[in-house]
Amino acid sequence: MCPYRRSLYSCNHAQLSSEPVKPCQAQKNYDSGAAKEPCGIVETHRPTIRIPKQCGPCEAKKMSTDQTLAFVKKRMASLRTCLNERHNGCMKRLDEAGAKREKVPETAKTAEKIEDPAQAFLRKKMMEDDSHLMMLSSL
Ligand SMILES: [Zn+2]
Ligand SMILES: [Zn+2]
């Protein structure tokens, strides 16, 4: 019988060492070629070693979850920045349009009652962006 080291991880998964801690005589005989069969008997009646971390598969799973989360967070942040930039861009364009309108000569004032389609579009777009921003910030 060959004693194997048993490790218990913080996720409660136990893992045996891949090699016996100390090969028994039967195994030694096999290793030296004196015996035809390896020992093959696993003996785990040894104190379990507690390892204050997660086992390999659990660690890998946690990592990939963290990575997915980080990726989503990054995407959200860049999306928010993008929307903010677009929003500011709209505001700027509106300001410029507004500044131009102030310089409209008196004679053209009657036409101002009919809304400029470009202006209407920009205002609508801005409202859309606002609703998008609200949607995002509530997440
Ligand atoms: Zn053995
Ligand atoms: Zn585990």
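The mean pLDDT of this predicted chain is 80, and 71% of its residues reach 70 or more.

**Overall arrangement**

- Of the 139 residues in the chain, buried residues make up 0%.
- Among the contacts in the chain that have a separation of 6 or more, 63% are accounted for by residues 24 or more positions apart.

**Strand pairing around strand 1**

- Strand 1 (residues 2-9) and strand 2 (residues 14-20) run antiparallel and are joined by 4 bridges; within this pairing Tyr4 has Pro20 of strand 2 as its bridge partner, while Arg6 stands opposite Leu16.
- Strand 1 also pairs with strand 3 (residues 42-43), here in the parallel sense and over 2 bridges, and the bridge partner of Cys2 in strand 3 is Val42.
- A further parallel pairing joins strand 1 to strand 4 (residues 49-51) through 3 bridges, with Ser7 standing opposite Ile49 of strand 4.
- As background to these pairings, in a regular strand the side chains alternate between the two faces of the sheet.

**The hairpin and Asn12**

- Strand 1 and strand 2 form a hairpin with 4 residues between the strands, and Asn12 is found in the loop that lies between them.
- The phi of Asn12 is near 70°, which is a positive value in a residue other than glycine.
- For comparison, most residues other than glycine have a negative phi.
- Is Asn12 buried or exposed? Asn12 counts as exposed because it has 9 C-beta neighbours inside 10 Å, and a residue is classed as exposed if that number is 12 or fewer.

- Glu59 is found in helix 2, which covers residues 56-102.
- Glu59 is partly exposed because 14 other C-beta atoms lie within 10 Å, a number that falls between the limit for exposed residues, 12 or fewer, and the limit for buried residues, 20 or more.
- How far apart in space are Glu59 and Cys11, C-alpha to C-alpha? The distance between Glu59 and Cys11 is 9.3 Å, although these two residues are 48 residues apart in sequence.

Methods:
Residues are numbered from 1 along each chain as its sequence is written. Chains are lettered from A and ligands numbered from 1 in the order in which they are written. Two strands pair if DSSP finds at least two bridges between them. Two residues are in contact if their C-beta atoms, placed from the backbone, lie within 7 Å. pLDDT is the predictor's confidence in each residue, from 0 to 100.
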